[in-house]
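Please look at the structure below and follow how its chains meet. The text starts at one interface and then turns to the rest.

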Amino acid sequence: MLPTPKKFFVTAGSAEGKNHLNAFDNALLKGRIGNLNLMRVTSILPPGVQYCPDLEIPPGSLVPTAYGYIISDVPGELIAAAVGVGFSKDSFGVIMEFSGKCGKEEAEKAIENMLKEAFETRGMELVGTKIASAEHRVEKIGCALAAVPLWY
Amino acid sequence: MLPTPKKFFVTAGSAEGKNHLNAFDNALLKGRIGNLNLMRVTSILPPGVQYCPDLEIPPGSLVPTAYGYIISDVPGELIAAAVGVGFSKDSFGVIMEFSGKCGKEEAEKAIENMLKEAFETRGMELVGTKIASAEHRVEKIGCALAAVPLWY
Amino acid sequence: MLPTPKKFFVTAGSAEGKNHLNAFDNALLKGRIGNLNLMRVTSILPPGVQYCPDLEIPPGSLVPTAYGYIISDVPGELIAAAVGVGFSKDSFGVIMEFSGKCGKEEAEKAIENMLKEAFETRGMELVGTKIASAEHRVEKIGCALAAVPLWY
């Protein structure tokens, strides 16, 4: 089997780029995850993982990551992305991602509501959250993203 | 290298949610795969894998999975998703996914045609299929999904 | 942790199909990667990887892959996809993907510009590139794709 991750952190970033993919790449760099091979996952924090905000991951590593992002080429538009980790008392957690044409406060509020619903549906108690968000006012082409990298 | 999966099952589910991602999450839970970290793959059943319909996978595991889904916020709309595994006699199989604004019978029929084309293109004989599907009549925000998790 | 890839190649292909997913599947087959389980990654060439254009990967393997594609059902439309790997002198490289309604020359030019920006943003010197592209004139439903599979 693939090894289950043991560590995580949360991050967010936003940036301009000369095209959509470079804007995405630049936002990843702002979030300190631009030199990794992110492998997108849906979206569970394995039981017992450790929060490691200063984790250094070697370039090119394969990193299971839950993330959300938005790219816009509408000058003046406000965009935001947020991720949230919801913790249970003694079991796994749930990760939610949001992105939209709004500010970071609205994005964070959306994440909180999404985590509440995710825990209610599972019949689990939500004992804490950790949220990261970024907002961006588009100049030409901009990206906002937020991510929860999982690591070992 | 990453270890090649040895087991699989097929599943499907549908649900409402207060927003798009929670609808997706709730449909995953209905399909018994909501507490996993699905890593999306294109779409081959490795040779020699075993069908294990009652597989229990620990929460938070990284699970290579082929899946299709549709989310709709149009009340009254009928949506469906289907997956199908096509088996060869003694080699690998092919997985196809479908989702659309239709019922599950139409989704399953689409999958059968897709598998036929996939085997024809490869010059392989299709000796059997295993299909899972779900349909959903949208109330506010609904999701239908179908998946083939691969495991060890 | 997941093992970091040690080898790579670049490929591209295009094809028709009776529906969108079969067109994608057929284009993967044209690119010699249709019998693999591609796991999409963002988009770094790990340091020290080896270029292996004739790599044979067993069917059903889980293959971390950066790829771009476009599917069109507009008869007569010209579509193209390209990938490019940008190399640094002695560190990791960067992979960029592009797809659009254009020919392969335009797609390749876009990739070159994207790689330049990716290296400028990182303050790294771009010492070489390797590019693959495919174009396709749509008959009924067509797909063009380009990919950088990473392997061991």
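Between chain B and chain A, eleven residue pairs are in polar contact, with both residues at pLDDT 80 or more. A polar contact here is a pair of N or O atoms within 3.5 Å; within protein, one must be able to donate a hydrogen and the other to accept it, and residues adjacent in sequence count only if both atoms are side-chain atoms. On the side of chain B that touches chain A, helix 1 (20–30), strand 3 (37–40) and strand 6 (62–72) of chain B each supply at least two residues. Helices (H or I, at least four residues) and strands (E, at least two) are DSSP runs, numbered from the N terminus. With seven residues, helix 1 of chain B gives the most to this side of chain B. By type, the residues of chain B that touch chain A are 15 nonpolar, nine polar and two charged. In this count Ala, Val, Leu, Ile, Met, Phe, Trp, Tyr, Cys and Pro are nonpolar, Asp, Glu, Lys and Arg are charged, and the others, Gly among them, are polar.

This is a predicted model: local features need pLDDT of at least 70 and side-chain atom pairs count only at pLDDT 80 or more, whereas totals for chains, interfaces and linings use all residues. Residues are numbered from 1 along each chain as its sequence is written, chains are lettered from A and ligands numbered from 1 in the order in which they are written, and side-chain values use heavy atoms, with hydrogens and water left out.

How many residues of chain B are in contact with chain A? The contact (heavy atoms within 4.5 Å) involves 26 residues of chain B and 26 residues of chain A. The area buried between chain B and chain A is about 2100 Å², and carbon and sulfur atoms give 63% of it. Buried area is the accessible area (1.4 Å probe) that two parts lose on being put together, summed over both.

Side chains of opposite charge can pair when their charged atoms come close. The rule for a salt bridge asks for a side-chain nitrogen of Lys or Arg within 4 Å of a carboxyl oxygen of Asp or Glu. Across the interface of chain B and chain A, one salt bridge is found. Asp25(B) and Arg122(A) form a salt bridge, and their closest N and O atoms are 2.8 Å apart. Over all chains, the whole structure has six salt bridges. In one of them, Arg122(C) meets Asp25(A) at 2.7 Å, N to O. Arg122(C) lies in helix 2 (residues 104–122) of chain C and Asp25(A) in helix 1 (residues 20–30) of chain A, so this pair joins two chains.

The interface of chain C and chain A also takes 26 residues from chain C and 26 residues from chain A. Chain C and chain A bury about 2100 Å² between them, with 63% of it on carbon and sulfur atoms. Of the area that chain C buries against chain A, Leu2(C), Thr42(C) and Glu117(C) supply 32%, more than any other three residues. Ten residue pairs, both residues at pLDDT 80 or more, are in polar contact across the interface of chain C and chain A. Strand 3 (37–40), strand 6 (62–72), strand 8 (93–100) and helix 2 of chain C each give two or more residues to the side of chain C that touches chain A. Helix 2 of chain C gives the most, with six residues. The residues on this side of chain C divide into 17 nonpolar, four polar and five charged.

Next come the sheets. Strands of a sheet pair through backbone hydrogen bonds, either parallel or antiparallel. Two strands count as paired if DSSP finds at least two bridges between them. In chain B, four strands form an open sheet in the order 4-8-7-9, with antiparallel pairing. Strand 4 (44–45) and strand 9 (128–137) of chain B are the edge strands, and each pairs on one side only. Strand 7 (residues 78–87) and strand 9 of chain B pair in the antiparallel sense over ten bridges. Val83(B) has Ala132(B), in strand 9 of chain B, as its bridge partner.

Chain C has an open sheet of four strands in the order 4-8-7-9, and the pairing is antiparallel. Strand 4 and strand 9 of chain C each have a single partner strand, so one side of each is left without a neighbour in the sheet. Strand 4 and strand 8 of chain C run antiparallel and are joined by two bridges. Leu45(C) stands opposite Gly93(C) in strand 8 of chain C.

Last is the relation of the chains.
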